[in-house]
Amino acid sequence: MIQVAVMGYGTVGSGVVEVIEKNKAEINKKSGEDINIKYILDLRDFPSDPYADKVVHDVEQILSDPEVKIICETMGGIKPAYDFTKRALLAGKSVCTSNKELVAAHGPELIQIAHEHKCNYLFEASVGGGIPIIRPLNYSLTAEKIDAITGILNGTTNYILTKMEREGADFASVLKEAQDKGYAERNPEADVEGYDACRKIAILSSLMCGKNVKYQDIYTEGITKITEADFVYAKAMGKTIKLLAQSKEVDGNMYAMVAPFMISYDHPLSMVNDVFNAVCVHGNMLGDSMYYGRGAGKLPTASAVVSDVVDCARHIGKVIMCFWDNEDVELTGIEKASRRFFVRVPEQKEKEALHIFESASVIEADVPGEFAFVTDRMTEKEFNEKAEQVGIISRIRIEE
């Protein structure tokens with residue numbers, strides 16, 4: 001029997017317990033041994049909970065118990081999760097986590113410590129909730145040179161953009177509705193400003209190149225400036241608007257960013273709506289593959305954590321390979337990235353805009369007082385210089 005501890009009995013932690021208990025027969029069969037939850041760590045008591053007898057308040061009970069071989073870290077945040085995780089790995093206990101903040105900040109260090117102590121640090125649930133994406137990058141696609149990853153990695157922002165498109169609603173009203181339904185936090189900054197997606201693409205980018213991509217170096221732009229008028233134009237162009245997190249290797253340069261993009265209806269990510277997530281991976285031999293599903297939520301995320309528990313149980317005392325070195329990648333600034341841009345300007349600036357943005361394609365839509373167009377392909381730096389001369393209302397990048 002393999003003893004497991006769960007650190008953090010919130011939404012995901014309680015889901016982990018539920019998944020293990022409800023699917024015990026399947027999990028034990030696939031693990032090759034019986035899995036038993038011995039401890040649940042939390043500051044609170046849960047007197048009416050069916051697993052109240054497993055709740056402890058002192059992490060030392062878990063870290064000092066030689067019977068505990070696997071720990072599920074579902075606390076979130078950096079402190080005290082980092083300290084607890086590091087001590088567990090140093091003690092030879094494998095850790096499975098959904099904590100994207102911790103993985104993005106300290107992933108290579110914790111992986112190295114785990115390998116040095118013949119245990120594992122697994123984090124399938126840290127990106128895309130229940131969508132299997134970490135494991136395919138580590139195992140299924142090992143014959144590939146991955147040169148691009150593009151994804152919708154945040155369910156809250158995708159829900160907001162979907163509602164804005166379908167109902168012609170403004171950002172503020174849809175955000176309030178998302179908060180009322182529990183899809184968005186009371187403080188939604190991490191979601192709507194793109195910070196959550198930034199940490200997730202940092203993790204995927206690191207696995208893509210096998211080195212450390214620091215989330216602090218990734219250009220990040222949220223959806224707070226997207227308006228209902230943008231969707232009127234997008235519809236006229238046969239496009240939709242999605243918050244994309246992407247990482248690409250072009251001519252030896254590594255680019256990574258998070259920002260709203262216009263994409264055509266024939267783009268595979270255009271059909272990813274509401275709270276769903278999806279990740280498109282491009283390999284030099286396979287071409288495109290796509291991974292789709294629920295990117296958040298109690299049971300989808302918990303299911304991914306438990307899949308890592310099963311993997312750890314199969315490899316007690318053995319290292320599961322993960323190629324993520326601590327050497328930092330120097331990202332190329334996005335000012336060198338080349339693309340087309342959708343632009344809105346006041347109608348009185350039409351002639352000036354067409355003079356500065358030569359060969360622009362005019363967009364006709366029923367938005368009074370404005371003139372809109374799509375630029376030729378140009379670098380971000382070139383666009384910014386031209387936009388500054390004109391004085392634009394807004395711009396949205398176009399993903400081809």
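Author: Let us begin with the lining of the largest cavity, which by class has 8 nonpolar, 1 polar and 4 charged residues; here Ala, Val, Leu, Ile, Met, Phe, Trp, Tyr, Cys and Pro count as nonpolar, Asp, Glu, Lys and Arg as charged, and the others, Gly among them, as polar. This is a predicted model, in which local features need pLDDT of at least 70 and side-chain atom pairs count only at pLDDT 80 or more, while totals for chains, interfaces and linings use all residues. Residues are numbered from 1 along each chain as its sequence is written, and side-chain values use heavy atoms, with hydrogens and water left out.

Reader: How is a cavity told from a pocket?

Author: Rolling a probe the size of a water molecule over the atoms shows where empty space is left. On a 1 Å grid over the protein atoms alone, a cavity is a set of points where a 1.4 Å probe fits but cannot get out, whereas a pocket is an open set with protein on both sides within 12 Å along at least five of seven lines, and lining residues have an atom within 4 Å of a point. Points are joined across faces, edges and corners, and a volume is the space filled by probe spheres set on them.

Reader: What volume does the largest cavity have, and which residues are closest to its centre?

Author: The largest cavity has a volume of about 100 Å³, and of its 13 lining residues the closest to the centre are Leu122, Ile134, Asn138, Tyr139 and Asp308. The helix α6 gives the most to this lining, with 4 residues, where helices (H or I, at least four residues) and strands (E, at least two) are DSSP runs numbered from the N terminus.

Reader: How much space lies in the largest pocket, and which residues are closest to its centre?

Author: About 1,100 Å³ of space lies in the largest pocket, and of the 42 residues that line this pocket, Lys100, Glu185, Asp196, Ala296 and Gly297 are the closest to its centre. Its lining divides into 12 nonpolar, 20 polar and 10 charged residues, and α10 gives the most, with 4 residues.

Reader: What is the volume of the second largest pocket, and which element gives the most to its lining?

Author: The second largest pocket has a volume of about 580 Å³, and β9 gives the most to its lining, with 4 residues.
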